[in-house]
Amino acid sequence: MITVWVYVEDLKDYIGQEVELRGWVWNIRSSGKIHFLQFRDGTGFVQVVVERSDVGEEVFEVASKLRIESSVIIRGKIVEDRRSPYGVEVHAKGIVPVQIPEEPYPISKKDHGIDFLMSYRHLWLRSRRQFHILKVRDAMLTAIRQFYRQRNFVLIDTPIFTGAIGESAGNLFELDYFDYGKVYLTQTGQLYLEAACMAFGKVYNLGPTFRAEKSKTRRHLIEFWMHEAEVAYYEHEDNLRLQEELVSYIVKYVLDNALEHLIALGRDVSKLEKVCVPFERITYDEAIKLLQKNGSDIRWGDDFGGDEETIIASNFEKPVFVTHYPRKAKAFYMQPDPHKPEVVLCGDLLAPEGYGEIIGGSQRIHDYNLLLDRLNEFNLPEDKYQWYLDLRKWGSVPHSGFGLGIERTVAWICGLEHIRESIPFARTLYRIYP
């Protein structure tokens with residue numbers, strides 16, 4: 001009889017049957033006549049019991065030679081065990097080593113410093129904590145795609161190289177692009193999504209972005225993933241409504257599909273269960289008063305940093321929008337408020353619990369002359385943005401969009417202390433290896 005190959009996540013469907021597992025030994029504990037192998041296969045973790053009286057001397061001796069991170073194929077019977085996260089354990093019948101390491105695994109049971117673990121990130125990914133974090137990330141990205149598919153948005157892949165920057169060139173990576181001259185690694189695909197929304201109405205993207213900002217905070221990466229959306233005929237209120245619907249959808253999807261991973265991380269899911277529409281909204285003016293009331297010396301016109309965002313968000317149990325920032329504190333493409341032109345129709349969404357801004361968005365300028373004035377005000381070259389200006393010459397309409405930082409959102413949902421664990425291979429100010 002052929003033994004079927006089964007993944008750990010499906011073992012509960014094979015109780016009482018003999019199956020084959022293919023994976024790795026992540027821990028070993030022995031007690032005379034019995035070995036306890038902690039086994040993983042990329043879908044989950046399970047205990048494999050190797051008892052001398054069941055497997056015989058030859059198989060028991062094979063198990064004795066295994067080391068941490070040995071790759072193995074195991075044949076065994078699935079037995080119910082309610083103590084296990086998957087409700088089962090495996091009673092081994094046969095073990096075939098694929099590779100037994102000659103050297104001890106560098107990540108041992110003892111505590112390691114974060115610099116050591118980041119230097120061995122290629123191996124640290126195998127740990128239980130990192131497994132659970134990245135499974136949550138995977139669920140979150142699935143939720144984003146599903147959210148837009150249900151609403152008939154079109155996925156647009158925006159370029160990584162760009163000559164037309166979304167904000168300031170001072171914090172972008174610059175490189176020579178053949179005979180063209182200077183181009184940059186993009187920090188946003190927004191301008192290109194604006195072109196696409198005039199063709200498809202409702203569009204979004206999802207991909208890597210880059211920021212050459214010498215920041216060392218727990219909220220910053222040099223290479224990070226961004227999701228952005230842009231919708232024709234959407235104005236400021238439409239934009240905020242789409243954002244809160246998206247974030248509440250993501251959180252609910254993760255709670256419904258990755259709850260065991262959040263629990264394994266020790267996340268207080270009761271806080272996430274409160275994340276539902278509508279979200280609270282305060283204006284920049286109201287935020288300034290709130291900060292000053294809490295002892296801040298901030299003044300109108302200043303932008304908010306991490307400390308200010310934390311103070312604001314601590315007053316709310318759900319994410320909160322801060323809207324209508326001063327025009328001079330925001331990017332050139334944001335639409336001024338017609339009732340108060342010194343501020344713009346924008347909003348930053350701040351996550352609770354000290355995680356700061358996870359979304360930045362705005363209504364975009366749709367008037368050609370106003371956009372041209374703003375380009376000149378920011379000393380941006382008109383020729384590099386001619387294609388962007390063209391969008392205002394033929395069929396221009398009000399439109400709005402936003403960008404959501406994937407890693408910041410993962411860090412918030414998982415309750416992580418630092419953003420570096422929210423991406424498989426972090427690129428920070430001092431980290432490019434591995």
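In which helix is the place of H236? In this predicted model, H236 is placed in helix α6, which spans residues 236–257. With a relative accessibility of 7%, H236 counts as buried, because the cut-off for burial is under 20%. Beyond its neighbours within four places in sequence, H236 is in contact with T323, H324, L345, C346, G347, Q363 and S400.

A helix pair was examined next. Two packed helices are described by the angle between their axes and the distance between the axes. Helix α4 (residues 128–150) packs with helix α13 (residues 406–414) at an angle of about 120°, and the two axes are 10 Å apart. That angle makes α4 oblique to α13. The crossing of the two helices, α4 and α13, is right-handed. On the α4 side, the contact is made by I133, V136, R137, M140, L141 and I144; α13 contributes I406, E407, T409, V410, I413 and C414. Sorted by class, the contact of α4 with α13 comprises nine nonpolar residues, one polar residue and two charged residues.

In soluble globular proteins, nonpolar side chains tend to be buried together. The largest nonpolar core of the model has 47 residues, and W412 and I413 are those with the most contacts inside it. When residues up to four places away in sequence are not counted, I413 touches V136, M140, I250, V251, V254, L262, R267 and L272. Both V136 and M140 also belong to the α4 residues that make the contact with α13. Another core, of 35 residues, lies apart from the largest one; among its members are Y184, I288, L290 and F316.

Helix α5 covers residues 190–200, and its buried residues are Q190, L191, L193, E194, A196 and C197. The elements that cover these buried residues include strands β10 (202–210), β11 (223–232), β17 (356–364) and β18 (399–405), together with helix α12 (386–390). G201 follows α5 and has a positive phi, near 85°.

Strand β10, one of the elements covering α5, contains Y204. The relative accessibility of Y204 is 7%, so this residue counts as buried. Leaving aside neighbours within four places in sequence, Y204 is in contact with R145, Y148, F153, V154, L155, I156, L193, H227, E228 and A229. Y204 and Y284 are separated by 80 residues in sequence and by 27 Å in space, C-alpha to C-alpha.

Technical notes. Residues numbered from 1 in each chain as written. Predicted model: local features only at pLDDT ≥ 70, side-chain atom pairs only at ≥ 80, totals over all residues. Heavy atoms only, no water. Axes fitted to C-alpha atoms, helices over the stretch in contact; angles between N-to-C directions. Helix = DSSP H or I, 4+ residues; strand = E, 2+ residues; numbered from the N terminus. Parallel < 35°, antiparallel > 145°, perpendicular 65-115°, else oblique. Left-handed = near helix turned anticlockwise from the far one by under 90°. Contact = heavy atoms within 4.5 Å. Nonpolar A, V, L, I, M, F, W, Y, C, P; charged D, E, K, R; others polar. Buried < 20%, exposed > 50% of the residue type's maximum accessible area, 1.4 Å probe, protein only. Core = buried A, V, L, I, M, F, W, Y, C linked by side-chain atoms within 4.5 Å.
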